[in-house]
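User: I'm new to this one. Please take me through it, starting with the overall picture.

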Amino acid sequence: MAAQRGSPVRRHAHRRKKKTKKIFTRGMRVTLFAFYIIFILVFLALMYKIYLIDRNEGDRYKKAALSQQAYTNKVLGYQRGSIKDRNNTTMAISLRKYNLVLEPRTLNADKEQMDPTIKAIVEHFSADEQQLRDAVKDKPDSMYERFDNLKELDVDKVESFQKKMKESKLKGVWFEETYVRNYPLGSVGCNLIGFMSSENEGNYGVEESYNHELCGTTGREYGYFGADMKLERTVKPAKNGNSVVLTIDANAQRIVEQEIAKFQKEGVGAKRVAVMLTNIKNGEILAMASDSTFDLNDPRNLGGMYTEAQIAAMSDEEQTENRLNMWANFCIGSAYEPGSTFKPFTIAAALDENLYNENSTFSCNGVVKVADRDIHCSNTSGHGTLDLRHSLMESCNSALMAISKKLGRERFYKYNQLYGFGQKTGIDLPGESAGLIHPQGQLNPVELATSGFGQTQAVTMVQMTGGFAALVNGGNYYQPHVVKEIQNSEGEVIETINPVVIKKLVSEDTSRKIRSFLKSTVEEGTAAPAKVKGYSIGGKTGTAEKKGRNKKEYLVSFIGCTPADDPEIGIYVIVDEPNVADQAHSTFATEFSAKIMKKVLPFLGQYKSKES
């Protein structure tokens, strides 16, 4: 048994156990403990440092964080292009303005600066103090409360306030740059210029039809504040819109509108008065106006057309309807029976078809029986025997009915189409009407007879002026237009709208004869009151009996040109239902035309060539 307890195996195991060493020595444990103490001390030191930073500079870092939230992603607005007349007179422009932006969270974070900041805003911009305080109170966490109803936020005011902010260390307020549309000439050209909607889109007129050119592209500003509180930003700049230069002459436009207003207030007055001036040689519209007028800077205000009592008596629906009528452009959007101003078109068609010549004669006894109906001439006693020239000079319905009958429905309809009646001209303005003419199959004897002297079919003013210009300029029909060129934001011309000949209406010879007939009509015929001393005028009167013939309501007109032998300027005047018992007198239109031409022609480069 003793020998077994002392066996070699046990002795070996005992020796191996005694050689095992510990992993962590005493020195290692001391070192580890020392590092632990140092770590605790450093941690406590960092915590103390953070405490000091928060205590001494917490507001600065908080402002940096809050400011970063306000400026990280900012839209940069563009400036909408201007609208100018042919002489570079500004008719519409976008002016830079500022909106005041309040940061309620910033002001609530620093109560001591709240009162000085709000009081400074009130004092500098005449703002509503309670409105500002309500914004700070009601939306304490907001960083963007815009006030765009302040009226004194012009550049000088904003810059002086920003200087005051810096000096007084005010906070929680900044200014957002934007643009507001302004029309320096007020109501001048209102129906053809149009205005801006609340969504910053063009409504009516050039503002609508050239919205794609006038609009620019918004930019972006991405930014953050660095440790030194300087704004680090990346900017994608906005691209401003292009400007539109009109064919309109602002001086002529203003004169026309003033004369219309005077006619309505001091003269005879009428249900509707409208005038167009055109360049006979290239299709440019020089002026376009009616008695429907409004302030472009306040387009929803009906005060330009109605009294306060009339407006107060209107329902909301009536006010809306009246605004739509007020904004509409009568010269392109309304159709009417033209009356005898249509007669030159019928005669020109007959001349071009070689059906008649200057020596052709017609007999008029005052009435013509067409089918089962008696149709009277303007002179119920009859004109007797007239040649073609005097048929136009005396405005003989009987002669025109004979001409229409010989043309026949097929040729009459063909020329109606050629002249552009019953279809849109394509003028570069919205809201154009096509008018209404008889289809070829419906040009029965009565309709053919009456259409030949301008009754029972409806046209627009722009159709008449475009076609008339071609009749007297040698036969070339130019595309009517109101825009002359497009300029970029630097004022460089990027597109020129050149005159475009759409078609040939009549021959040179026919055009020459029509000019001669029209000159005689003013010098010796029914359009004599349209004479302007020192100028050679050619033209034709119109007296159209309106539908509901028994009502005896008339639209009287005059269409003409100068110089008569080589026309450059065209005029078309409409007086719809003059405010008199006996309306059927074209002198209301011819005399009105003479007043306008006398005043506008010098502005359009036309000067007296002779005394007459």
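User: Among contacts between residues at least 6 apart in sequence, what share joins residues at least 24 apart?
Analyst: In this chain, 72% of those contacts join residues at least 24 apart. Contact here means heavy atoms within 4.5 Å. The model is predicted, so local features need pLDDT of at least 70 and side-chain atom pairs pLDDT 80 or more, while totals for chains, interfaces and linings use all residues. Residues are numbered from 1 along each chain as its sequence is written, and side-chain values use heavy atoms, leaving out hydrogens and water.

User: How many helices and strands are there?
Analyst: The chain has 21 helices and 23 strands. These are DSSP runs numbered from the N terminus: helices are H or I with at least four residues, strands are E with at least two.

User: And how much of the chain is buried?
Analyst: Of the 612 residues, 49% are buried. That means under 20% relative accessible area; exposed is over 50%, and partly exposed lies in between (1.4 Å probe, protein chains only).

User: How does H15 pack on H20?
Analyst: The two helices pack at an angle of about 140°, and their axes are 10 Å apart. H20 covers residues 508-523. The axes are lines fitted to C-alpha atoms, for helices over the stretch in contact, with angles from 0 to 180 degrees between N-to-C directions.

User: Which residues make that contact?
Analyst: From H15 they are Pro344, Ile347, Ala348, Leu351 and Asp352. H20 contributes Thr510, Lys513, Ile514, Phe517 and Leu518.

User: What comes just after H15?
Analyst: Asparagine 354, which takes a positive phi of about 60°. Asparagine 354 belongs to the loop between H15 and strand E13 (361-364).

User: Is that asparagine 354 buried or exposed?
Analyst: Asparagine 354 is exposed, at a relative accessible area of 68%. Glutamate 577 also has a positive phi, near 55°, in a residue other than glycine. Glutamate 577 is placed in strand E23 and is buried, with a relative accessible area of 13%.

User: Switching to rings. How many aromatic pairs turn up?
Analyst: A search of the whole structure gives 16 aromatic pairs. Rings of Phe, Tyr and Trp (its six-membered ring) pair if their centres lie within 6.5 Å; planes under 30 degrees apart are stacked, over 60 edge-to-face, and the rest tilted. In one of the pairs, phenylalanine 342 and phenylalanine 412 have ring centres 6.4 Å apart and planes at 50°, so the pair is tilted.

User: Where do those two sit in the chain?
Analyst: They are 70 residues apart, and the pair links distant parts of the chain. Phenylalanine 342 is in the loop between H14 (330-333) and H15 (343-352), and phenylalanine 412 is in H17 (residues 397-419). Both phenylalanine 342 and phenylalanine 412 are buried.

User: What about tyrosine 419 and phenylalanine 421?
Analyst: Their ring centres are 6.2 Å apart and the planes stand at 70°, so this pair is edge-to-face. Tyrosine 419 is buried, at 2% relative accessible area, and phenylalanine 421 is buried at 0%. Phe342, Phe345, Phe412, Tyr415, Tyr419 and Phe421 form one aromatic cluster.

User: Which charged end sits over the ring of tyrosine 356?
Analyst: That of lysine 406, 4.9 Å from the ring centre. Likewise, the charged end of lysine 503 sits over the ring of tyrosine 477, 5.1 Å from the centre. The criterion is NZ of Lys or CZ of Arg within 6 Å of the ring centre and within 35 degrees of the ring normal.
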